Amino acid sequence: MGTITIDGRKVEFTDEKNVLSIIRKAGIDIPTLCYHSELSTFGACRLCTVEDDRGRTFASCSEEPRDGMVIYTNTGKLKKYRKLIIELLLAAHCRDCTTCVKSGNCNLQTLAHRFGVTNVRFENYKERRPLDESSPSIVRDPNKCILCGNCVRVCEELQGVGVLGFAERGSDAMVMTAFDRQIATTDCVNCGQCRVFCPTGAISIKSDKDAVWDALADPDTRVVAQIAPAVRVAVGDAFGLPKGKSVMGKIVNVLHRMGFDEVYDTTFSADLTIMEESAEFLDRVKSGGKLPLLTSCCPAWVKFVDDQFPEYRENVSTCRSPQGMMSAVVKEYFRDPEHAAGKKTVMVSIMPCTAKKMEANRPNSYTKGEKDTDYVITTTELIEMIRTTGIYFADLEPESSDIPFGFGSGGGVIFGVTGGVTEAVIRRLAPNHTKATMEEIAECGVRKDGFIREFSIPYEGMEIKICVASGLANARKVMEQVKNKEKEYHLIEIMACRRGCIMGGGQPRLAGERTKAARTEGIYKADNVSVVKKCDENPMVLSLYEGFLKGKEHELLHNHEFCGK
Amino acid sequence: MIENREDLIKSQEAATREFSSYDCRILVCSGTGCIATGSQKIYDEFLKIVKDTPGIRLDFAPHDEATHMGVKKTGCQGVCELGPLVRVQKGDKTVQYTKVKVSDCKEIFERSVLGDDVVESLLYTQKGVKYKSPEEIPFIAKQTRIVLENCGKYDAESFDEYLASGGFSAFRKALFEMTPAEVVDEVDKSGLRGRGGGGFPAGRKWKQVARQPEKERYVVCNGDEGDPGAFMDGSVMEGDPYKLIEGMMIAGYAVGSQNGYIYVRAEYPMSVARLRHAIAELEKRHMLGDNILGTDFSFHMHINRGAGAFVCGEGSALTASIEGNRGMPRVKPPRTVEKGLWAKPTVLNNVETYANVPKIILKGSDWYRTIGTEGTPGTKTFSLTGSIQNTGLIEVPMGTTLREIIFDIGGGMKDDGVFKAVQIGGPSGGCLTEQHLDVPLDFESIKKFGAIIGSGGLVVMDSHTCMVEVARFFMSFTQRESCGKCVPCREGTKRMLEILEKIVAGKGELSDLDKLEELAEMVKSMALCGLGKSAPLPVLSTLKLFRDEYEEHITEKKCKAKVCTAMRRFIINPEYCKGCGKCAKNCPVGAITGVRKECYHIDPEICIKCEACKDNCAFDAIYIEA
Amino acid sequence: MLDQSYYDKADEIIAFYGKKQASLIPIMQDIQGVYRYLPGELLTYVAEQIGITEAKAYSVATFYENFSFEAKGKYIIKVCDGTACHVRKSTPILEAFQKELGLSAKKHTTDDMMFTVETVSCLGACGLAPTVMVNEEVHPRMTPEKVLELIHELRGDSDD
């Protein structure tokens, strides 16, 4: 508590942990490249340095606020030094900005503009290093790395995976995997969080856009899209619409305009997932099967179990993920010559997630020897594709997605946030869908604050113990406790990315606190307005089970063997 | 086993008795320098001679009438350049011998040990005067030795000899006659300031640690003396290891710590060996471990070897390294006193600081304050090197002037050179010149002139030193040793080095000086850690004092010290050249042409300045023109 | 694949220091002490044993100058380039070693695995500059001529 004077104006502070937060609160966008509120303070870029009334300089990210402090954020000296720091970074950086995938979305580029760095006076003598394109999800370009360490810290601190580290030191320092091995051969779970936190083009999404454009251009191909729940709340703000607002209808419209033949909604297959997973769960509970049941929707988490907790492989639900179920069902549907109408079907999955690209390539993502999902494009790629078309996205009329797989319940929509899968399971187990019941479920603990949520629900006289966690570092904590028998659960839902898929590794970058909150809100709003709340009340789902899915549930909706990668 | 206060007193008395029963002690210097010049062989030889001489015993036997003699390996005796060094000590008389060869041992033994004569030819000589006792040698006589007091005087490995010299009296006093708070107070009152560079008051640091709510605390000693050209701490660790440990034990008692860590530089294997030996000796006697001397005080000592990273001399990098991490400095707060090693309250001081502590406790803060200056009491060790008569390890009261150090202790310039500057504080320091010779040295006084005391490297430079090249040398060091974490240091020092390399290569432009200054100011203000912030100081200091030299390199492509290779011109003096043609044959690039028996000529365009011609000219006919 | 004996040795060293992150550097130092380099496979093994990620172990190992993933020569020659040695011309000493042994700034170890030549920032024997350290022994007042003598001596040394 207290007051500090920033550039001559008094600013109150309460519990801000550093001076930087107060400066930002005061309406000054003090530059940083390595600071992130969710990561440990690294203090490497030095751009947030401020000057006090005695001419002393210090980095505001690592300074505790003291009552009565007097600081200046924009003295002549600081402006000059910041500009020089940016110039030095650019001097050691691959400067192919015009062709860089991050161009226009790069923090370094933005700062270079802000500080008017129009001339770089130093040569880049760095040896050009090869790109690591081994991963299906991300591409690492070490030539664009500025050593801010965000990826290293996010991988270790938030994800508990730690496959990236600094190697060497001084001007030879580089970020790399152990022994500079290809990222695909490591324990990388493909979550893409490193790419979200990377301020430059050093880590980017492995793009599948071109393949999708080619398919769309082929008249003999039926191109089918499925849109994941979290995508709809992360596209609008790129086109000037309010943050977090669901723009599902506009996305369907734009995809039709792009030439997609069918546009389906992954909330539909999320409903299928709940049907299957609830049944599997009850079966395990009742027949003494392996517990806790671990959710299987998140491929990064499944790979994490495979690499880090192999003894729990059998605890992972055999259900395919919503992406997997949708693709398998759609492909099967169009295997019927009547539906196929002589066209080849290409399945394009639009996901908030980079790990889904890996999941689509997993050996168990094939049915009848055919790949279920042909291409996965992330929200970020979708936005880029929309930009390519030049369509005024914001002005589009909403369209509804196509039948028979275009409709999901509210329970399917909330898959986009942490706790959503579990909430949908609880809804499925609930006897009715009254407003009161829905509210009661929302209050049972599944929507609590925090990245690890523990609670229990009564079911048929039993107490079902549940843990919901997001962020793999938190998942590790939960699993260690389970492993050490400190904790016991019936069901554990894990989403690799903190807050769930709305903050997935394929979502647009630079989401601040407001964006994060708005995306969560957007998902719950979409649920609120949905007519059907539970999967077992989705008429399309019910008719599918009675229709062509009959007898094929196991083949199309389940993994026949565990497969993490 | 020494289990209580009485045991310790008895051991001290016994050790003193043994010590005073020596009729003669032969002290062979076993510092890194003398070992390198072969002192081990000298030691072996003396031991053999003594053993082969009847009527002499080496062991202590109180009632034996035979002559009691000791052959001991001591810590650094100070004038490394003249090693191997040997002292012959009889009662309070000591004779210092220099440059002793194995073949000299017999003569020393016969004349100086058995007889009361001296071997004149091996005495220390300065300006024609021969000095017998080490205390008379001006180099040593003008010093005030607290930290280095015992170095060279006794067997650095022997616990008993340390006891006999008064060792562990301070610890005994602290443990039995003072409360921890009183110890902290005494150190605080003494005004002892950290000798590692920053000069932060040690007492204040200890107080801050002592008042932390967390009870698990650490005492850490920074022995990562990385400053190239400084070896004071290494000399203490290898020459008086017990004193350092005693100082740390007192600190441990004062701040309520149970564990002490010494982080020793990788390049000091002997320090590691001596400290390990000392710790083992103390553990064996239960002077380290649980419930020391029967009290509640428990203290364990650990040694960590550095692995080759200068930046680990920075506090938070050092603790990170002990924890098994990359030695990268972290942002502060939290400070080390609150969250240091393993995020526990930590006292972190360097070797010299701890080595001051036993004397302060024993003789009191009032005594300590009589030495040195008001703001910085006590002494400071320096390693004196460069173009000076006497190089070596020195210790002087704070406030001593450079003039006294260079001309009295150091014996003035080597080869009658002209004093140009002294570089102080190594890669984090700056230069002082003629105008600063009478400034009393302490932490504050020289900061004003852009230099720091730092860890205490003093490199004296004469007119043969090129200041641009000196700046380049230090910059290449800091650049190589940058941890690479923060942008200013990682990228800034690299670019500064590039510019300096360009200038010494004769390719500099005047605008480079502006760029250099701009970078230096930025790094100084913006770098993350103290080492980064001070990395530009050698450049800023030389730019300020010797800007003309920089400009000369750039505009006239001239290095008047004749150091910068690219600017040297090799010329054949027609007066001396006999026209033998040897130089033309030796020239690897065919730059020399001429006709036999006539003066040859070097084509400066082809010449690569390798010096092959000059080195091999039998007539000294080739000279370098700046 | 490394011989099993390497892993046995590593186990012994790990047991001595204990399975914790703080043991990483001493363990690596001891392994390097035994094999004169740090076999990459052992680094991976140590990381797994003491419970840290391989990337972390690798990042620590590459930070410190003393660790080398490449085998070093029997004699590790460190030419001091501290201030005092530099002023007293340590560069020609380094060049003499490199020339005589056919090494360079990039190639540090001779093909016969006899010599590794490196520089070091200070050996702490400034009074005897320029100095050179061979394994743990310091050689004072070096000259390019003495370099040749030293190499001959070491070569002869290894014949017995």
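Me: Which residues form the negative surface patch?
Reply: This is a predicted model. In it, the negative surface patch is made up of B:Asp615, C:Glu137, C:Glu145, C:Glu149 and C:Glu153.

Me: Which helix gives the most to that negative patch?
Reply: Helix H7 of chain C, residues 144–159. Three residues of the patch come from helix H7.

Me: And B:Asp615, where is that found?
Reply: B:Asp615 sits in helix H23 of chain B, which covers residues 612–616.

Me: Is B:Asp615 buried or exposed?
Reply: Exposed. Its relative accessibility is 56%, and the cut-off for exposed is over 50%.

Me: What about a positive surface patch, which residues form that?
Reply: B:Lys582, B:Lys585, B:Arg596 and B:Lys597.

Me: Where is B:Lys582 found?
Reply: In helix H22 of chain B, residues 582–586. B:Lys582 counts as partly exposed, because its relative accessibility is 38%.

Me: Back to chain C. How many helices and strands are there?
Reply: Chain C has seven helices and four strands.

Me: What pattern does chain C follow along the sequence?
Reply: The pattern reads α-α-α-α-β-α-α-β-β-β-α.

Me: What box do the C-alpha atoms of chain C fill?
Reply: Roughly 50 × 35 × 25 Å, taken along the principal axes.

Me: How many residues of chain C count as buried?
Reply: Chain C has 160 residues, and 57% of them count as buried.

Me: What about contacts in chain C between residues at least 6 apart in sequence?
Reply: Of those contacts, 64% join residues at least 24 apart.

Me: How many positive and negative charges does chain C have?
Reply: Chain C has 16 positive and 24 negative charges.

Me: Give me one. What does A:Glu38 meet in a salt bridge?
Reply: A:Glu38 meets A:Arg498, side chain to side chain, at 3.5 Å from N to O. A:Glu38 lies in the loop between helix H1 (19–25) and strand S3 (49–52) of chain A, and A:Arg498 in the loop between strand S19 (491–495) and helix H18 (513–528) of chain A, so the pair ties together parts that are 460 residues apart in sequence.

Me: Are A:Glu38 and A:Arg498 buried or exposed?
Reply: A:Glu38 is buried, at a relative accessible area of 17%. A:Arg498 also counts as buried, at 17% relative accessibility.

Me: Which residue does A:Asp52 meet in a salt bridge?
Reply: A:Arg56, at 3.2 Å from N to O. A:Asp52 is buried, with a relative accessible area of 8%. A:Arg56 counts as partly exposed, at 36% relative accessibility.

Me: And A:Lys209, what does that side chain meet?
Reply: A:Glu384, in a salt bridge of 2.7 Å, N to O. A:Lys209 lies in helix H6 (residues 209–217) of chain A and A:Glu384 in helix H13 (residues 379–389) of chain A, so this pair ties together parts that are 175 residues apart in sequence. A:Glu384 counts as partly exposed, at 23% relative accessibility.

Me: Which residues do salt bridges that share partners join into one network?
Reply: A:Lys331, A:Glu332, A:Arg335, A:Lys368, A:Glu370, A:Asp374, A:Lys552 and A:Glu555.

Me: Switching to A:Lys343. Where is its place in chain A?
Reply: In the loop between helix H11 (337–340) and strand S13 (344–351). A:Lys343 is partly exposed, with a relative accessible area of 32%.

Me: What does A:Lys343 touch, not counting residues up to four places away in sequence?
Reply: A:Pro219, A:Asp220, A:Thr221, A:Arg222 and A:Asp261. A:Lys343 and A:Thr221 are 122 residues apart in sequence, and their C-alpha atoms are 5.3 Å apart in space.

Me: Last one, A:Ser204. Which strand does it lie in?
Reply: Strand S9 of chain A, residues 203–205.

Me: Why does A:Ser204 count as buried?
Reply: Because its relative accessibility is 10%, and buried means under 20%. Leaving aside neighbours within four places in sequence, A:Ser204 is in contact with A:Val101, A:Ser137, A:Ile138, A:Val139 and A:Arg195.

Terms used
Residues numbered from 1 in each chain as written. Chains lettered and ligands numbered in written order. Predicted model: local features only at pLDDT ≥ 70, side-chain atom pairs only at ≥ 80, totals over all residues. Heavy atoms only, no water. Patch = residues over 30% accessible without salt bridge, like charges linked within 9 Å, V, L, I, M, F, W, Y side chains within 5 Å. Areas by Shrake-Rupley, 256 points an atom, 1.4 Å probe, with all protein chains shown as cover. Salt bridge = Lys/Arg side-chain N within 4 Å of Asp/Glu carboxyl O. Lys, Arg positive; Asp, Glu negative; His and termini not counted. Charge placed at Lys NZ, Arg CZ, Asp CG, Glu CD. Helix = DSSP H or I, 4+ residues; strand = E, 2+ residues; numbered from the N terminus. Buried < 20%, exposed > 50% of the residue type's maximum accessible area, 1.4 Å probe, protein only. Contact = heavy atoms within 4.5 Å.
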